[in-house]
Amino acid sequence: MSTIFEAGQAGRCNSAQLVRSDDDTSTIPDSLLRTEPPALPEVSELDVVRHYTRLSQINYSVDTQFYPLGSCTMKYNPRGCHLAASLPRFLGRHPLAPDSTGQGVISCLYHLQEMLAELTGMAGCSLAPMAGSQGEFAGVAMIAAYHRGRGDTARQEILVPDAAHGTNPATATMCGYSVREIPTDDQGDVDIAALKDAVGPQTAGLMLTNPSTLGVFERRVKEIADIVHQAGGLLYYDGANLNAIAGRIRPGDMGFDAIHLNVHKTFATPHGGGGPGAGPVGVSKRLLPYLPIPLVIRTKKGYGWAREMDRPESIGRLSGFGGNVGVLLRAYAYLRMVGGDGVRRLADFSVLNANYLMARLEQAGFQLAFPERRATHEFIISLKQEAQDYGVTALDFAKRLLDYGFYAPTIYFPLLVPECMLIEPTETESLEELDRFVEAMQAIRREAAENPELVKSAPHTTPVSRLDETRAARKPDLAWKPNR
């Protein structure tokens, strides 16, 4: 695919759209003025439209392809939710307008807080965090504030299972804690004996994802909670995998004290491409005073925002105005649209699709990481045998899947499984699409046996073929230069 510069011709432009400026530049220092025109593409309006339309058509997206990215819940987002969040009175509201003129939008956010608290079994919720990572930071920061408030300064350690998301130890470190890793056993559960040995007066808390990134539900989660609580620590729930259990079981009922939710995963708001996102946090009763602001409150006068003076023990302001309101409104519209039965249904079908796909791949001869466990919303296969037999790795499979019209699942995470492929089909994919994915995986393995170089040099049908990924990451060449 050529660049838009290469599609142009010298002197060509769309004169009808040309903007001419008569601004006086005499006050601008000569050193800041251009000595020659900028190197802009010289193309017609139609050329511009066609160029960017073609670019959009070669994008991988959940609107066009199956996107089974494990631990990320890349599912279809109903257009109705986008339309609801884009109503003129929502879009046109100025964030500095008085609360009295925005009771509609503020009440929506208040009720979203209440719904999320109910869905997670928490005593309260704040919508302030602007991303899952910031919600994670807020959860651990509130745990730290709780211990400080009790004068318990000896608690300087956060426990993190070895199967955790990489953000967990990073968050704990950012909050001033040292991190102690807890191993998992050969069935994917947290090693209870190791946990008992690790807890003590130094334990501030445990960060846990349930279901875990190994794609299995933590079967002894209540026992884990009791162990940590008896040692004086608190439990933080990484909500990245809430899609598997929403409406079926609540983290608060498992014993967790803080949780962040990725509404851009679980409640069908746009995800990917670096944003936008939102990571609301819920807390148990003991952490309520520390919730971050902005926080929506309800008084006799209506709905409004809690201020710093209203929440003296809050960990502070995490976002301006009302947070990422557009994303939050999409989540609100989605929850209103599907209702409680719909939330349970999304969990049921995400688990059903994952277990169906896992069974089909096992029947096709692929090796499951935990063959004796039922999948949750995602599962892991290991391509270790294919790598040994044919020299074709998980990375090669992932690249070749692009030629078959599928975005690749997550590879090499978690690191505990060799040649790992973490697959999450989500609840929105059809049976036929899941079967197509299995057929593609089978075809790639046949190619690996018969013509391994075909797979190892993939992709072959994409605009850009296999790159030197190390060089692309460390020395990216992203600027067009004339006469290159």
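Helices (H or I, at least four residues) and strands (E, at least two) are taken as DSSP runs, numbered from the N terminus, and two strands pair if DSSP finds at least two bridges between them. The model is predicted: local features need pLDDT of at least 70, side-chain atom pairs count only at pLDDT 80 or more, and totals for chains, interfaces and linings use all residues. Residues are numbered from 1 along each chain as its sequence is written, and side-chain values use heavy atoms, with hydrogens and water left out.

Seven strands, in the order β1-β7-β6-β5-β4-β2-β3, form an open sheet with mixed pairing. The edges are held by β1 (124-126) and β3 (178-182); each has a single partner strand, so one side of each lacks a neighbour in the sheet. From one strand to the next, the twist averages 20° (axes are lines fitted to C-alpha atoms, for helices over the stretch in contact, and angles run from 0 to 180 degrees between N-to-C directions). Strands β6 (258-261) and β7 (281-283) run antiparallel and are joined by 3 bridges; Ala-258 has Val-283 of β7 as its bridge partner. Helix α8 (221-230) packs on the sheet and touches β4 (203-208) and β5 (234-239), its direction making about 140° with that of β5; contact means heavy atoms within 4.5 Å.

The whole structure contains 0 disulfides, a disulfide being a pair of cysteine sulfur atoms within 2.5 Å. The closest cysteine sulfur to that of Cys-125 belongs to Cys-108, 15 Å away and too far for a bond. Cys-420 is likewise in no disulfide, the nearest cysteine sulfur being that of Cys-72, at 13 Å. Cys-125 is buried at 5% relative accessibility, and Cys-420 is buried at 0% (buried means under 20% relative accessible area, exposed over 50%, partly exposed in between; 1.4 Å probe, protein chains only).
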